Amino acid sequence: METVSIPFGPAIRTDQRGNASKDLIMNDISSAAGRAVARIGVRYPLGDRPYSARELTLPEVRAGDIHSFCSPKEGGRLVRVDGLARIAQALLLEFNPDITAYTPRPRLLKVGDASYELCYWCRLRSGEERMLLVVPGTVHGAQRATRRQHREAEALLDAARAAHLPLQFVHEADLLAQPERVALAYRLLPDVQTAARLANRGLLEDEIVALCRRHDRLRFAQISSALGNYALPDVQCVVAYLLHTGALVSDASDRLLRSTILELAP
């Protein structure tokens with residue numbers, strides 16, 4: 001069976017090295033966001049996953065642009081992916097509270113004599129499942145796809161329907177066009193990892209939620225001031241944890257600031 005790479009979307013990556021200069025914010029995700037390596041327990045039911053991630057081969061690791069982090073949502077499991085677009089997608093899945101589980105490189109999809117590797121399986125709170133395929137080098141809605149790309153897309157969708165797989169295309173250019181959302185997730189991730197190990201996390205959660213119930217909307221500086229009996233880093237980690245779980249929402253752009261407004265999720 002042949003495994004191929006197509007202009008519309010690769011299955012298993014070729015040996016081309018990703019260009020890390022596309023987004024300077026994301027250059028050191030692996031080193032900075034992966035510092036906390038202890039297993040992390042959070043409020044997402046892990047349960048059984050229908051898929052397990054295919055391990056990257058040694059040639060892929062040597063030739064690729066590899067990023068990794070320990071996922072709080074996945075109970076501390078190591079998420080390891082190749083390329084900026086795939087790590088951006090992983091971080092967006094990690095910090096989307098509607099996503100309860102996700103797995104990179106879940107399976108191959110056979111299309112004729114070729115096989116394409118899907119990038120992510122994910123499950124929503126509703127129970128709906130999706131298969132995501134990251135499409136390289138295409139600006140969604142801004143460039144016309146070639147006839148060949150249309151044929152390849154239709155062939156992939158037909159094969160997915162035949163295999164009863166809910167396939168969804170994700171355009172690489174769209175992912176890399178969201179540097180602020182990705183940067184916010186990247187910067188909050190170490191705090192979320194640390195929050196899981198705080199002995200006072202439960203108490204801080206209750207106090208932060210109670211404050212937001214009383215005052216509707218608060219700046220981070222107001223929350224930290226009201227909780228002055230707690231260490232500021234602890235407050236920041238638990239706020240990040242509540243953003244990660246979706247208990248809180250904020251107007252943060254690419255980082256949590258003293259002026260960031262926080263409120264309970266609707």
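Which residues in α7 meet which residues in α9? In this predicted model, the α7 side consists of Arg 201, Leu 204, Glu 205, Ile 208 and Val 209. From α9, the partners are Asp 234, Val 235, Val 238, Val 239, Tyr 241 and Leu 242. By class, the contact of α7 with α9 holds 8 nonpolar and 3 charged residues, with no polar ones.

Two packed helices are described by the angle between their axes and the distance between the axes. Helix α7 spans residues 201-215, and helix α9 spans residues 232-245. Their axes lie 10 Å apart, at an angle of about 70 degrees. Angles of 65 to 115 degrees count as roughly perpendicular, so α7 is roughly perpendicular to α9.

Helix α9 also packs with helix α6, residues 179-195. Here the angle is about 100 degrees and the axes are 8 Å apart. Thus α6 is roughly perpendicular to α9. On the α6 side, the contact is made by Leu 188, Asp 191, Val 192, Thr 194 and Ala 195. Helix α9 contributes Gln 236, Cys 237, Val 238, Ala 240, Tyr 241, Leu 243 and His 244. The contact of α6 with α9 has 8 nonpolar, 3 polar and 1 charged residues. Val 238 and Tyr 241 of α9 take part in both contacts.

These helices belong to a protein with 9 helices and 12 strands. Of its 266 residues, 49% count as buried. Among contacts between residues at least 6 apart in sequence, 67% join residues at least 24 apart.

Terms used. Residues numbered from 1 in each chain as written. Predicted model: local features only at pLDDT ≥ 70, side-chain atom pairs only at ≥ 80, totals over all residues. Heavy atoms only, no water. Helix = DSSP H or I, 4+ residues; strand = E, 2+ residues; numbered from the N terminus. Buried < 20%, exposed > 50% of the residue type's maximum accessible area, 1.4 Å probe, protein only. Contact = heavy atoms within 4.5 Å. Axes fitted to C-alpha atoms, helices over the stretch in contact; angles between N-to-C directions. Parallel < 35°, antiparallel > 145°, perpendicular 65-115°, else oblique. Nonpolar A, V, L, I, M, F, W, Y, C, P; charged D, E, K, R; others polar.
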